[in-house]
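Here is a briefing on one protein model. Have the sequence and the coordinates open as you read.

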Amino acid sequence: MDLKIAVLAGDGIGPEISAVGVDVVSAVCARFGHNVEYAYAPVGADAIDKTGNPFPEDTYRTCLWADAVLFSAVGDPRYDNDPDAKVRPEQGLLAMRKKLGLYANIRPIETFDCLIHMSPLRKEIVEGADFVCVRELTGGMYFGEKLEGDERAYDTNLYTRTEVERILHTAYAYARRRRHHLTVVDKANVLASSRLWRKVARELAAEYPDVETDFMYVDNAAMRMIQDPRFFDVMVTENTFGDILTDEGSVITGSMGLLPSASTGEKTPVFEPIHGSWPQAKGQNIANPLAQILSVAMLFEHFDLLEEAATVRRAVKASLDANIRTPDIQVAGAPAYGTREVGSWITAYISTMH
Ligand code: IPM
Ligand code: MG
């Protein structure tokens, strides 16, 4: 197939892991006979430096041209400690989500047996945990009406029935492909917006009788995730709760540097690691590229190129088994490999494996 990919590397370690992601896409396409074309575009602090805008119009057009966006990370300490900054790198990410209509953010939380010892949780609790968080991504407090005064400030947690219905359908589709269990996470004991979620979910549950639907308050879900993460199969929740719970999810498996995500909706889908831009590590060739590489696997899965995706996953597993690992996950006593070295080992594996 012909594949057009917009590459948005962004800030911090973004460019380094992005380069590895592109190499992996190229290796897979060469192996399977696909034609791939790339277009590079700035986003985040990089785009502010170049154009004054964290998601410039040209970058948006490049995304529309592409079949998929390979995104890395945005964020820069120059903005973090300045509450008065008029423009921030993160606004680029939010603008991209909104303009591309990416209402469904899929964040799989998976454990890798060989990394379980790095989890802050006991092995017997976390072993085998494998769930997907379906996070609503273009509504709620992130985008509702705001007031930012010196004496009063608010954010509005607005959701419409249509927004809730479409994300629930996405979540049910995932549940049907997995273990047929959906947990709707909300705060319906306090929030009106959550009561709408619950009402709509109860109605839709009747359309999916083969899926077991349950409801959980978000505070309870945060607790359950560390007490009994294997309880979950698919969870679906609003934008803000999903932001918080997926950070929690990303560390319980001991492997934050390994978690990819997909954002889909109306226009071009985006594939990105869930970790951030880690500015302290910028340019040091120490960032773990595996989450970016696994985002490439999700990209191929999105286009139903399942063998291609499986090849990427197998190569990642092989690199872990061979201890070709960056310092964050290297086993004691073994030499640590750089971002580029892990990347080239994996691309070589993809090109030559039988
Ligand atoms: C995420 C990030 C973003 C969010 C930030 C960078 C705006 O934390 O993708 O989870 O809050 O959605
Ligand atoms: Mg977050």
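**Briefing**

At 40% relative accessibility, Trp278 counts as partly exposed; buried means under 20% relative accessible area, exposed over 50%, and partly exposed in between (1.4 Å probe, protein chains only). This is a predicted model: local features need pLDDT of at least 70, side-chain atom pairs count only at pLDDT 80 or more, and totals for chains, interfaces and linings use all residues. Residues are numbered from 1 along each chain as its sequence is written, chains are lettered from A and ligands numbered from 1 in the order in which they are written, and side-chain values use heavy atoms, with hydrogens and water left out.

**Overall fold**

- The protein chain holds 13 helices and 12 strands. Helices (H or I, at least four residues) and strands (E, at least two) are DSSP runs, numbered from the N terminus.
- A compact globule of 354 residues would have a radius of gyration near 20 Å, and the protein chain agrees because its value is 20 Å. The radius is taken over C-alpha atoms, and the globule rule is 2.2 Å times the number of residues to the power 0.38.
- Along the principal axes, the C-alpha atoms fill a box of roughly 55 × 50 × 40 Å.
- Of the 354 residues, 55% count as buried.
- Take contacts in the protein chain between residues at least 6 apart in sequence: 76% of them join residues at least 24 apart. Contact means heavy atoms within 4.5 Å.

**Surface and charge**

- The protein chain exposes about 15200 Å², and carbon and sulfur atoms supply 52% of it. Areas come from the Shrake-Rupley method with a 1.4 Å probe; for residues, only the protein chains shown count as cover.
- There are 36 positive and 50 negative charges, and their mean positions are 2 Å apart. Lys and Arg count as positive and Asp and Glu as negative; His and the chain ends are not counted. Each charge is placed at NZ of Lys, CZ of Arg, CG of Asp or CD of Glu.

**Helix α8**

- Helix α8 covers residues 192–205; its 14 residues should span 20 Å at 1.5 Å a residue, and its end C-alpha atoms are 20 Å apart, which agrees. The expected span is 1.5 Å times one less than the number of residues.
- Its buried residues are Ser193, Ser194, Trp197, Arg198, Val200, Ala201, Leu204 and Ala205.
- An α-helix has 3.6 residues a turn, so residues three or four places apart point the same way.
- The buried residues of α8 pack against several elements, including β5 (130–136), α7 (161–177) and α10 (239–252).

- Trp278 lies in the loop between β12 (270–273) and α11 (290–302). Its phi is near 35°, a positive value in a residue other than glycine.
- His180 is found in the loop between α7 and β8. Its phi is positive too, about 60°, although His180 is not a glycine. His180 is partly exposed, at 27% relative accessible area.

**Three further sites**

- Asn157 sits in the loop between β7 and α7 and is buried, with a relative accessible area of 18%. Asn157 touches Gly140, Met141, Leu191, Ser193 and Glu238, not counting residues up to four places away in sequence. Asn157 and Ser194 are 37 residues apart along the chain, with C-alpha atoms separated by 9.4 Å.
- Ala153 is found in strand β7 (residues 153–155). At 56% relative accessibility, Ala153 counts as exposed.
- Gln91 belongs to helix α5 (residues 89–99) and is partly exposed at 34%.
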